[in-house]
Amino acid sequence: MTRSLHFHSCIDWLDAAWRVPAETPARLFDLQQVADRARLAERGLMDAMFIADFYTYRPRVNLEPLTLLSALAACTTRIGLVASVSTTYNEPYDLARMFASLDHLSGGRAGWNMVTTAVGTVSANYSREEHLEHDSRYARAQEFVEVVTALWDSWEDAPGGGEARPIGHEGDWFSVRGPLNVPRPPQGHPVRCQAGASDAGRDFAARWAEVIFTAQPLLPVAQEFYADLKARLPAHGRAEADMVILPGLLPLLAETAAEAKDMAAARQAAQPAEARRMEELLGFALSALPMDEPIPLEVLPARSRVNGMRGRSELYLSLIRKHRLTPRQVLNQDAHLGFAGDPLQTADLITKWFLNRGCDGFTLMWPTLRANELFVEKVIPLLQERGLYRTAYEGTTLRDHYGFRPPPGRLDVRGAA
Amino acid sequence: MTMRQMHLNCMLGGIGLGAWRPGEADPWTPRDLGALTAMARTAERGLMDALFFGDLNSTAGAGRAGLLGLEPFTTCSALAAVTERIGLIVSASTTYAQPYNVARRLASLDHISQGRAGWNIVTTLVEAVAENYGREPHPGIEARYARAEEFTGVAKALWDSWDEEAVFVDAEGRTRVDGAKVRPIAHRGEHFAVRGPLDLSRPPQGRPVLAQAGSSGPGKAFAARHAEVIFTAQPTLPRAQAFRTEMRARAAAAGRNPDRLRVLPGFAPVLAPSEAEARDLAAALRGREGRRARLDRISGLLGLDLATLPPDAPIPPALLPDISDPATHSRTALFVEMIREEGLSPDGLLARGAHLSFVGTPEGAAELMERWIRAGAADGFTLMWSHMPGGLDLFVEEVIPRLQGRGVYRTAYPGRTLRETLGLERER
């Protein structure tokens, strides 16, 4: 089967810290503006709208992902709807029914980004003393996904609902009798996405994830990651085409290359907060070191000690070691791939990453609304001309967009025994 | 002085929706957004206050009509995008959810709908739900309401954790947050520890409208403190009058203005153009679930097998359970009192049901509803449908204009938010 590009459009990114004159301000709490952007992405034939979740206060105004995507289901007809929902701070029964419900409401366009919440402050909002340790989060996540999947499978595939059976799950973390109180979702299972790049995260991904988000600023590292994940699939009875890998891309996209460079410079100037974030991520004081000398290896922790975002933390530590980066280079490096260019340059970059198996497409994080529009108007047609991207939606469900096979029906699974 | 205007909530999905389609064997549980949208818009054309979504996090007892539908938050959020004025009341359990999750989803629904969200606070009655949420047994009623009290307090504090002015638009037209006007709530209680603040800005209504449906002792005490809309089962006018009077007095005793309470008993009309057609329809609808199944359900509540008794003779009061314990399930207490006071037989009880029922013409329904309003038995009704979407369509086409003609129902929405529609001021 020929590969083709896939794109996710992020809802939650526009609210950037830097200024672009004449740019429409982001109103992430305004359904009409978000719906307009979803329809824009749908015109660009993108696979899905994506929204992350944080479960904790940030000084910005936004909406809760599942409610927002449900509203978007009513405003769109084809584009997929993918939300991060935490396995750490939800019950599997609630999560299974909310996604089943969204899948019914949207006619089979729901996707769940399985996150193990990585921010310590969240536990304080959920009556927990301690944030779960990294490895326990994945153990819990593993069982969580098993329960959710069993609940989606607890109904027969039949028009009008058919028969339901209890799942009788008794595990280390959960005890759930079932069946779900919503019939089997139109997609069978809403699409499972995941964004963990640590070793525990990769094993989990190989077993469960169908779409991968990842921060990959450098092509060679992205290629290693891509090859590694896809190589892990056969052990789980899965084929390469059963997984789509979409690194983040921040397209600093403008009509001309010069304008794009200005945008990148403006962004660079607004980065001190970024430095603090990076120091937290790395676990040592970057700014105390000489800015233009390679970071001494002895200051690097042998393994990441941070409890949240460990995959990304380890990625940086390995980049520093391997390429002997200076503090300035690290600070100038976006966690995600950032690229300043005009439409042709942007299409070239995407083509290069795709053909060299650094990715199957990108999770697009928009710096401005204008970049989002330009991408749909100018970059998409270039990719279509090159035969790398669809010219129409070929199906109605999110699974159809990725070209995924439907999951086996419940009776196939259990009746075979 | 103008006549008091009635409020109408429309049951759509969940408990009590007798969504039988005449001529079909299975209850109709719409999961298709197109069908749901059509019904929501019909209710909105009827200028109804809100769509009311019951919920139960289990399949237990769900053979009953309407239970196997969609999850309320997702459904209401989708409907918010295709309606403009009608309120959206979501049931969410305080026993099986986390307050941070419920508070943020309600705030989000309120933003998405521009101020049309309501929360039906439920403590979850059905014990089997516990089996979907771990190994702890379902808590007793007192424990459930103690948790509900703390849960509701946390949710209110989270909505209040952003000042109105915390969100502002700067000179460049960007929406910004003044962090000094957003505060942690630092809640530490018996059931929950929640630092806050909420991760969403203050809902447009300040707080979503709070609804509640418990009619037990602890349920009424809770409603008196928190509920702005009360959904209740009141099969007769005197009972309804007594209930509304009691709830208003309790609210006053809790320091609230009783005029900010909307008591909306369930009303389940079976309507047809003529009396005879309505009777035929009622018989056809009754036949669907089967006498035995309905009898078994009530038998379960009474702890008494009604099937062993003569169908047409009064149920002997000596067989009835003791209901003096205030923790008695309110529906059990209601049926025992009805049997005692009215000398009902098993079939008589089946015909009556717990909610105000009516079989007849649109004119008759409008007359009955007006009578209840004028008698101070209700502030309006929670409409429960005998069959969907036909029951709703007929009500909006035929009953609503008659209510308007009688001067007891609005002819246009008074404002934009659910609070404005209900005539409820912001609580804070």
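Which residues in H1(A) meet which residues in H2(A)? The close-ups below start there and then move to the interface of the two chains. This is a predicted model, in which local features need pLDDT of at least 70, side-chain atom pairs count only at pLDDT 80 or more, and totals for chains, interfaces and linings use all residues. Side-chain values use heavy atoms, leaving out hydrogens and water.

**View 1. Helices H1 and H2 of chain A pack against each other.** From H1(A) come A:Leu31, A:Val34, A:Ala35, A:Ala38 and A:Arg39, which meet A:Leu68, A:Ala71, A:Leu72 and A:Cys75 in H2(A) (contact means heavy atoms within 4.5 Å). By class, eight of the residues in this contact are nonpolar, none is polar and one is charged.

**View 2. The crossing of H1(A) and H2(A) is right-handed.** Helix H1 spans residues 31-43 of chain A and helix H2 residues 65-75, and their axes lie 10 Å apart at an angle of about 60°. That angle makes H1(A) oblique to H2(A) (under 35 degrees counts as roughly parallel, over 145 as roughly antiparallel, 65 to 115 as roughly perpendicular and the rest as oblique).

**View 3. Chain B meets chain A.** Here 57 residues of chain B are in contact with 59 residues of chain A. About 4800 Å² is buried between the chains, with carbon and sulfur atoms giving 53% (the accessible area, 1.4 Å probe, that two parts lose on being put together, summed over both). B:Arg31, B:Arg105 and B:Arg174 supply 13% of the area that chain B buries against chain A, more than any other three residues.

**View 4. B:Glu131 forms a salt bridge with A:Arg177.** Their closest N and O atoms are 3.5 Å apart (the rule asks for a side-chain nitrogen of Lys or Arg within 4 Å of a carboxyl oxygen of Asp or Glu). Across the interface of chain B and chain A, the rule finds four salt bridges.

Notes
Residues numbered from 1 in each chain as written. Chains lettered and ligands numbered in written order. Axes fitted to C-alpha atoms, helices over the stretch in contact; angles between N-to-C directions. Helix = DSSP H or I, 4+ residues; strand = E, 2+ residues; numbered from the N terminus. Left-handed = near helix turned anticlockwise from the far one by under 90°. Nonpolar A, V, L, I, M, F, W, Y, C, P; charged D, E, K, R; others polar.
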